[in-house]
Number of protein chains: 2
Amino acid sequence: MTDLLANRDAWLMTNCSIARALDVVGNRSTLLLLREASLGTRRFDDFATRVGISEPVAAARLKQLVADGLLERRPYREPGKRTRDEYVLTDKGAQLVPVLVALRQWGDTWAADAAGPSVRIAHHDCGAEVHAVLRCAGGHDVEPDELDVLPGPGLLRADAE
Amino acid sequence: MTDLLANRDAWLMTNCSIARALDVVGNRSTLLLLREASLGTRRFDDFATRVGISEPVAAARLKQLVADGLLERRPYREPGKRTRDEYVLTDKGAQLVPVLVALRQWGDTWAADAAGPSVRIAHHDCGAEVHAVLRCAGGHDVEPDELDVLPGPGLLRADAE
DNA sequence: TATCTGACTTTGCTAAACCTAAGCCAGCCT
DNA sequence: AGGCTGGCTTAGGTTTAGCAAAGTCAGATA
């Protein structure tokens, strides 16, 4: 194995999972809509007002999120009201929650106002505060400076061709 | 305490740590530049080519990242070469690594190509794969659907005024 | 002294993201 | 039947992000 990681210029940008993830959720309003969905918001107008975006943008982003499979749109009826559609997180969407928690945590630390954050996220079972942490398959807690970058299967395969 | 969380429309968007974090890192190229910095890239041209952005954009984003305190710009000299500047992650920037790991992990699962991801992230000490996980202060592993949203100090304070 | 290279900056343009304001439609309520 | 409400869509305009191509500048290297 030659120094694969040294000439990553060629491939990093074409087959990077971070870039791919950002193709789906790489803009502000999309992530904020997912924040709302994860907090339990379901109705169109609530999404728009709580995220602070206009209706046309909300409509476009929600449509895209449904197309990408992060939200599911389904009819429901409140008693005495007409049928309408609600948007709920799919499994694919719910798996972005760690990203949201990690972002919130960074914002709490580096960008909250003097009064502190407006929301705490707690474990439903025990009430204790929840954090995103790095952990290795060996069970160790990992700090950001303890990471190694290794070639993955996609890289090795591409190299063989 | 009345149902504070029901009328979150008013405050969520003005004092939300996720929104604040996204004010700093809420666009694609910024996050990709941080990816590169976390992988060890330091030189201007390498940032631009590896992220796949033009030089003017790289210059603008790097400048902003330095202004925001996520990167530090400092002179260095390779032996036999002239002095130049390199960009390195500050502590504030390094604390975004869990966000990047969580994004990568989501991309690996939902958006990688058939060959698999091109990079693996391993724990330097033991070589095992690293993941972003949710954990509560009580030490439990937490799933995305086991979260409760509670009012935080910023919300309570604002409410009291 | 002249050239080369890395690290930008400047110029001029396109495209994406977002806004406000207004319009539309379905179905429940009176 | 007529109006109200939720959930959008349409129209028109601004702001931000991005590109390509060319220019600048400082300090090695020849």
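Y87(A) counts as buried, at 8% relative accessibility; buried denotes under 20% relative accessible area, exposed over 50% and partly exposed in between, with a 1.4 Å probe and protein chains only. The model is predicted: local features need pLDDT of at least 70 and side-chain atom pairs count only at pLDDT 80 or more, whereas totals for chains, interfaces and linings use all residues. Residues are numbered from 1 along each chain as its sequence is written, chains are lettered from A and ligands numbered from 1 in the order in which they are written, and side-chain values use heavy atoms, with hydrogens and water left out.

**Aromatic pairs**

- Over all chains, a search of the whole structure finds two aromatic pairs; rings of Phe, Tyr and Trp (its six-membered ring) pair if their centres lie within 6.5 Å, and planes under 30 degrees apart count as stacked, over 60 as edge-to-face and the rest as tilted.
- The pair of F47(A) and Y87(A) is edge-to-face, because the ring centres are 6.1 Å apart and the planes stand at 85°.
- This pair links distant parts of the chain, 40 residues apart: F47(A) belongs to helix α4 (residues 44-51) of chain A and Y87(A) to strand β2 (residues 83-89) of chain A. Helices (H or I, at least four residues) and strands (E, at least two) are DSSP runs, numbered from the N terminus.
- F47(A) is buried, its relative accessible area being 0%.
- In chain B, the rings of F47(B) and Y87(B) have centres 6.1 Å apart and planes at 85°, so this pair is edge-to-face.
- Because F47(B) lies in helix α4 (residues 44-51) of chain B and Y87(B) in strand β2 (residues 83-89) of chain B, the pair ties together parts 40 residues apart in sequence.
- F47(B) counts as buried at 0% relative accessibility, and Y87(B) counts as buried at 8%.

**Core and enclosed helix**

- The largest nonpolar core has 68 residues, and L34(A), L103(A), L34(B) and L103(B) have the most contacts inside it. Such a core is a set of buried Ala, Val, Leu, Ile, Met, Phe, Trp, Tyr and Cys residues joined through side-chain atoms within 4.5 Å.
- Neighbours within four places in sequence aside, L34(B) is in contact with residues including V25(B), L65(B), L89(B) and L100(B), where contact means heavy atoms within 4.5 Å.
- Helix α2 (residues 17-25) of chain A is largely enclosed by the rest of the structure, because seven of its nine residues are buried.
- The buried residues of α2(A) are S17(A), I18(A), A19(A), R20(A), A21(A), L22(A) and V25(A); their cover includes α3 (28-39) of chain A together with α3 (28-38) and α7 (97-110) of chain B.

**DNA strand C**

- DNA strand C is surrounded by 22 residues, of which S54(A), E55(B), K63(B), R73(B) and R84(B) are the closest; a residue is near a strand if one of its heavy atoms lies within 4 Å of it.
- Of the atoms of DNA strand C that come within 4 Å of the protein, 67% belong to sugar and phosphate.
- A phosphate oxygen of DNA strand C lies 2.7 Å from a polar side-chain atom of S54(A), and one is 2.4 Å from a side-chain N or O atom of R73(B).
- α5(B) gives the largest share of the surface near DNA strand C, with four residues.

**Chain A overall**

- Chain A has eight helices and six strands.
- Among the 161 residues of chain A, 47% count as buried.

How values were computed
A polar contact is a pair of N or O atoms within 3.5 Å; within protein, one must be able to donate a hydrogen and the other to accept it, and residues adjacent in sequence count only if both atoms are side-chain atoms.
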